[in-house]
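Me: I have a model open and a list of labels for its parts. I would like to know what stands behind each label.
Reply: Then ask about them one at a time.

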Amino acid sequence: MGNISKILSLFNALTQTKDIVELRQIVLSEFDSYVEISQKYSQAIEQITTLQEQIKKYETWEQERKNYESYTTSIGATVYRKKNTEEFFCPNCYETKMVAVHLQPSSLSEHWNYHKNYKFCPNCKNTFRVEF
């Protein structure tokens, strides 16, 4: 009987070892799932932060655009300007929310001596005739 009890003890030890290996595999699988979920959570937080920044920019733009108005020059060119000023802005850039780009004096004004005031956009390179 001594041999039988030794064999039973060995069998029980092997069964416990098998259970431990299976438990380790389950724990490792769960850990891998946790890491994957954690990565997805971090990505979701980044996306939320990006969307919040975009919303803030949009809200800021909506407030800022109240300070500007569409202005049609006497020859029919449409530009934007700050209300009650002569600061002109490119309509193309205004529509793409780049209102901070002032129209600059154009070289056309120097070449054409007809008291025409041309302005150009340094961003999109469009030229506009405006009067002061």
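Me: What makes strand 5 and strand 6 a pair?
Reply: Strand 5 (residues 117–120) and strand 6 run antiparallel and share 4 bridges. Two strands pair if DSSP finds at least two bridges between them, so 4 bridges are enough. Lys119 stands opposite Phe128 in strand 6. The two strands form a hairpin with 6 residues between them, and in the turn Lys125 has a positive phi of about 70°. Strand 6 (residues 127–130) has Phe128 and Val130 on a covered face, with Thr127 and Arg129 on an uncovered one.

Me: What kind of model is this, and how are its residues numbered?
Reply: It is a predicted model, in which local features need pLDDT of at least 70 and side-chain atom pairs count only at pLDDT 80 or more, while totals for chains, interfaces and linings use all residues. Residues are numbered from 1 along each chain as its sequence is written, and side-chain values use heavy atoms, with hydrogens and water left out.

Me: What is the mean pLDDT of the protein chain?
Reply: The mean is 79, and 83% of the residues reach 70 or more; pLDDT is the predictor's confidence in each residue, from 0 to 100. Over residues 109–115 the pLDDT is below 50, and this stretch has 4 contacts in the model beyond near neighbours in sequence. Contact means heavy atoms within 4.5 Å.

Me: How many helices and strands does the protein chain have?
Reply: There are 3 helices and 6 strands, in the pattern α-β-β-β-α-β-α-β-β along the sequence. Helices (H or I, at least four residues) and strands (E, at least two) are DSSP runs, numbered from the N terminus.

Me: Why are strand 1 and strand 3 called edge strands?
Reply: Strand 1 (68–72) and strand 3 (88–89) each pair on one side only. They belong to an open sheet of 3 strands with the order 1-2-3 and antiparallel pairing. Strand 1 and strand 2 (residues 78–82) are joined over 5 bridges. Ser70 stands opposite Tyr80, and Thr72 has Thr78 as its bridge partner. The hairpin of these two strands has 5 residues between them, and Gly76 takes a positive phi near 100° there.

Me: How many salt bridges does the structure hold?
Reply: The structure holds 3. One of them joins Lys40 and Glu36, whose closest N and O atoms are 3.4 Å apart. Lys40 and Glu36 are 4 residues apart in helix 1, so about one helical turn separates them. Glu62 and Arg65 also meet in a salt bridge, at 3.6 Å from N to O.

Me: What makes Asn84 exposed?
Reply: Its relative accessibility is 78%, which is over 50%, so Asn84 counts as exposed. Asn84 is found in the loop between strand 2 and strand 3. The phi of Asn84 is near 60°, a positive value in a residue other than glycine.

Me: Which residues form a nonpolar patch on the surface?
Reply: Phe31, Tyr34 and Val35 form it, with about 310 Å² of accessible area together. Patches are made of residues with over 30% relative accessible area and no salt bridge; like charges are joined within 9 Å, and nonpolar side chains (Val, Leu, Ile, Met, Phe, Trp, Tyr) within 5 Å. Accessible areas come from the Shrake-Rupley method with a 1.4 Å probe, and for residues only the protein chains shown count as cover.

Methods
Buried means under 20% relative accessible area, exposed over 50%, partly exposed in between (1.4 Å probe, protein chains only). A salt bridge is a side-chain nitrogen of Lys or Arg within 4 Å of a carboxyl oxygen of Asp or Glu.
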